[in-house]
Amino acid sequence: MDRAFRDTPTVVDVGGVPFGGRGITVIAGPCSVEGKEVILEAAGIAKRAGAHVLRGGGFKPRTSPYAFQGLGKEGLRLLKAAGDSVGMPVISEIMDAAQLPAFLDHDIDCLQVGARNMQNFTLLKAIARAGKPVMLKRGLSATIEEWLQAAEYLAAFGSEGIILCERGIRTFETATRNTLDLTVLPLMRQWTHLPIIVDPSHAAGIPALIPPLSRASIAAGADGVAVECHPRPKEARSDGAQALLPGELSGLIADARIMAAAVGRSFVAPVRV
Ligand code: PEP
Ligand code: MN
């Protein structure tokens with residue numbers, strides 16, 4: 001993944017949607033899959049807003065063991081069905097190698113490695129061999145070097161499609177959930193040819209901050225953004241406080257198109273159904 005060995009950007013294909021290269025790509029959806037109706041509703045919202053890939057967690061890494069842990073394999077089934085209903089590929093977080101058959105059975109288009117598992121090398125090795133694209137989130141306190149080494153694990157063990165995702169790091173600041181480190185965009189561009197996207201939802205944790213941080217991310221060179229949205233954030237079973245409302249998601253994506261043009265990039269054409 002070192003630019004010294006390959007100068008052209010890698011384009012990663014996620015179920016027909018490109019990440020990297022000239023285009024700007026948007027991942028949107030709820031934090032977790034909560035049930036059939038609500039994920040179908042969220043898929044419609046993401047699709048109408050112009051997003052490319054539908055997100056939704058089946059296996060959730062929650063800080064408290066008493067918080068909603070996700071619907072597991074059933075969540076993956078519902079996510080895939082919702083994605084199919086609107087013609088969108090899907091991404092979901094894998095926390096353990098034992099979950100891999102469930103992801104493959106339901107043909108989840110992209111495996112998300114969450115911040116808490118960035119250095120779970122056993123997991124990285126296991127999923128690298130699975131032949132699916134992987135989105136590797138930056139660890140809560142990971143240096144850029146550690147993050148790239150984790151990506152190197154994936155590449156060394158056979159992964160062909162790797163997308164990096166900056167999601168904020170832990171600092172002394174407590175006003176926001178994490179601190180978004182936009183430095184990685186211009187800096188890592190010099191070091192790696194892999195696509196890099198930004199998740200401002202988990203970085204900021206506050207809906208009003210997500211649209212401006214998305215614009216800033218694209219301006220600084222991100223290949224896309226990943227954001228959480230929910231039809232009724234107050235009812236969400238995880239991360240409702242940071243979920244965008246449908247209208248807010250549409251506004252963010254309209255701005256992303258403008259921002260993409262302003263920096264000489266194109267907005268990836270959403271898959272037609
Ligand atoms: C998520 O995407 O819902 C998530 C848990 O993200 P992170 O691993 O960045 O905390
Ligand atoms: Mn979340």
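**Close-up views of a predicted model**

**View 1. Donors of the manganese ion (ligand 2) in the predicted model.** The manganese ion (ligand 2) is coordinated at 2.0 to 2.4 Å by Cys31 through SG, His202 through NE2, Glu228 through OE and Asp239 through OD. Along the chain, these donors follow the spacing C-x170-H-x25-E-x10-D. Because His202 lies in helix α7 (residues 200-204) and Asp239 in the loop between β10 (224-228) and α9 (246-262), this pair ties together parts that are 37 residues apart in sequence. His202 is buried, its relative accessible area being 9%.

**View 2. Strand β3 (residues 23-29) and its cover.** Of the 7 residues in strand β3, 7 are buried. Both faces are covered, with Gly23, Thr25, Ile27 and Gly29 buried on one side and Ile24, Val26 and Ala28 buried on the other.

**View 3. Strands paired with β3.** Strand β3 pairs in the parallel sense with β10 over 5 bridges, with strand β11 (residues 266-267) over 2 bridges, and with strand β4 (residues 53-55), likewise parallel, over 2 bridges. Together with helix α1 (residues 36-49), β3 and β4 make a right-handed β-α-β unit.

**View 4. Surroundings of Gln99.** Gln99 is placed in the loop between β5 (90-93) and α3 (100-105), and it is buried, with a relative accessible area of 14%. When neighbours within four places in sequence are left aside, Gln99 is in contact with Phe59 and Ile94.

Key:
Residues are numbered from 1 along each chain as its sequence is written. Chains are lettered from A and ligands numbered from 1 in the order in which they are written. This is a predicted model: local features need pLDDT of at least 70, side-chain atom pairs count only at pLDDT 80 or more; totals for chains, interfaces and linings use all residues. Side-chain values use heavy atoms; hydrogens and water are left out. Donors are N, O and S atoms within 2.8 Å of the metal (3.2 Å for Na, K and Ca); water is not among the atoms, so sites may look incomplete. Helices (H or I, at least four residues) and strands (E, at least two) are DSSP runs, numbered from the N terminus. Buried means under 20% relative accessible area, exposed over 50%, partly exposed in between (1.4 Å probe, protein chains only). Contact means heavy atoms within 4.5 Å. Two strands pair if DSSP finds at least two bridges between them. A crossover is right-handed if, with the strands pointing away from the viewer, the path from the first strand over the helix to the second runs clockwise.
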